[in-house]
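Trainee: Could you walk me through how the labels for this one get assigned? I'd like to see each value set against its cut-off.

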Amino acid sequence: MTKRPRLSMALLAIVVLPNFICVCNAIESPQYSVVHSESDFEIRLYRENSWMSAPVKDISFEKATRNGFHRLFQYIQGANLNFSRIAMTAPVLTSIVPGAGPLHSSAYFVRFYLPTKFQTTPPTPLPELSLEPYTWDSHYVAVRKFSGFARDTNIVQEAEKLATSLSRSPWANSTSEESSYAYSIAQYSSPFRIIGRVNEVWVDVNPSGLGGYKYSEIGTS
């Protein structure tokens, strides 16, 4: 590739709850519409929504995700000023900030999607957790699914596969220059699940780069 697109990333669920093994109706997720679909990726329009974010400085994606989710898990278990227990959601999102590191990163943000009950008024986390609320404006995301475990050894390759697919599609010139993140990794499965794991690479895209190409909404989740 002559130009590496800026990619946006969804994080990994490192949950210790044995019943959190897949995306299902009992687990809330951010709402989106599918506006374009191909064999190996799709474009989603996500609605505005709120997350709780754990900034982490680390070279390793895996270590950063464990560190960030450990703090987020304490938060949803009641380590907040309201002592509120917050239901698990999916996915947990790890966004990679572009940099010179081996995974093209200098820092990470591990994010927990807040359930509907707390979307407008999230409980304030305890200061020692170093968490911050994050409002995600409505925007378009290119998504590629992959199975197995998301590791330091495979996430860059999965992101590059998505970049290659985008370069061969009508969305080739639509990667978002406004995104602060190289890409994101979304993980939906419990660490105890070995088979049928669900992960995604997310990249922010901008439909203004489509030119005369027209897309149509084909589904909603």
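Predicted model: local features only at pLDDT ≥ 70, side-chain atom pairs only at ≥ 80, totals over all residues.

Trainee: What makes Arg197 count as lying over the face of Phe149?

Mentor: Arg197 is 3.9 Å from the ring centre of Phe149, and the distance limit is 6 Å. Likewise, the charged end of Arg44 is 4.4 Å from the centre of the Tyr32 ring and sits over it.

Trainee: Why is Glu158 called buried?

Mentor: Buried means under 20% relative accessible area, exposed over 50%, and partly exposed in between (1.4 Å probe, protein chains only). Glu158 has 11% relative accessibility, so it counts as buried. Glu158 belongs to helix 2; helices (H or I, at least four residues) and strands (E, at least two) are DSSP runs, numbered from the N terminus. Beyond its neighbours within four places in sequence, Glu158 is in contact (heavy atoms within 4.5 Å) with Arg144, Phe146 and Val201.

Trainee: How do you know that the span of helix 2 is close to the expected one?

Mentor: The expected span is 1.5 Å times one less than the number of residues. Helix 2 has 13 residues and its first and last C-alpha are 18 Å apart, against an expected 18 Å.

Trainee: Why is the pair of Trp136 and Trp202 called stacked?

Mentor: Rings of Phe, Tyr and Trp (its six-membered ring) pair if their centres lie within 6.5 Å; planes under 30 degrees apart count as stacked, over 60 as edge-to-face and the rest as tilted. Trp136 and Trp202 are 5.5 Å centre to centre with 25° between the planes, hence stacked. Trp136 lies in strand 6 and Trp202 in strand 9, so the pair ties together parts 66 residues apart in sequence. Trp136 is buried at 7% relative accessible area, and Trp202 is buried at 0%.

Trainee: What makes the pair of Phe69 and Phe73 tilted?

Mentor: Their centres are 5.9 Å apart and their planes 35° apart, which falls between the stacked and edge-to-face limits. Both Phe69 and Phe73 are buried.

Definitions and conventions: Residues numbered from 1 in each chain as written. Heavy atoms only, no water. Lys NZ or Arg CZ within 6 Å of the ring centre and 35° of its normal.
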